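Have a look at the model below.

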Amino acid sequence: MGRQQTLQPNPAIELASPTRAAIEALLSIETEKRTLYRYAHWRTLPIRDTVHHSDGDDLVHEAIQRTLDGRREWDASERTMLQHLLRVVSSIADEWYKEMKKYVELSDEHTRPDTAHAQILRQIAQIGRAHV
């Protein structure tokens, strides 16, 4: 799991908010935390180190930040915090994948078929087509 997840306080969010409490509770349950991080690491495989030089830990952190600052609202009556964060992770990974594709298309490097970088880009493109 690499880095330890720490929550950054946001003055706009009450310290004792139900959302913050649910996130802290989820992160204290090792099996749920592991599920979240493993899913995030899996979702970043096609984009690892290409967009924002991000990995699964960054993806989880971004999902938590967006939830805490209200960009992604959690409805406790609809889903658990784990379910919510898994959806947010998926959504952000999709955003980052689209952003990565934009940079790949603009890159001159991918036109040279003899480079290792070009081989990786072709593999990423194949993974992307499989997800569409």
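Arg 66 and Glu 62 sit four residues apart in helix α3 (residues 56-68), about one helical turn. Helices here are DSSP runs of H or I with at least four residues, strands are E runs of at least two, and both are numbered from the N terminus. The two side chains form a salt bridge, 2.7 Å from N to O. That term means a side-chain nitrogen of Lys or Arg within 4 Å of a carboxyl oxygen of Asp or Glu. Glu 62 also bridges to Arg 71. Shared partners link Glu 62, Arg 66, Asp 69, Arg 71 and Glu 95 into one network.

This is a predicted model: local features need pLDDT of at least 70, side-chain atom pairs need 80 or more, and totals for chains, interfaces and linings use all residues. Residues are numbered from 1 along each chain as its sequence is written, and side-chain values use heavy atoms, without hydrogens or water.

Helix α1 (residues 18-28) holds another pair, Glu 24 and Arg 20, four residues apart. They too form a salt bridge. Arg 20 is buried, at 9% relative accessibility. Glu 24 is partly exposed, at 39%. Buried means under 20% relative accessible area, exposed over 50%, and partly exposed in between (1.4 Å probe, protein chains only). Arg 66 is buried as well, at 12%.

The structure holds six salt bridges, including these:

| Salt bridge | N to O distance |
|---|---|
| Arg 66 and Glu 62 | 2.7 Å |
| Glu 24 and Arg 20 | 3.3 Å |
| Glu 62 and Arg 71 | 3.7 Å |

The protein has five helices and zero strands. Buried residues make up 37% of its 132 residues.
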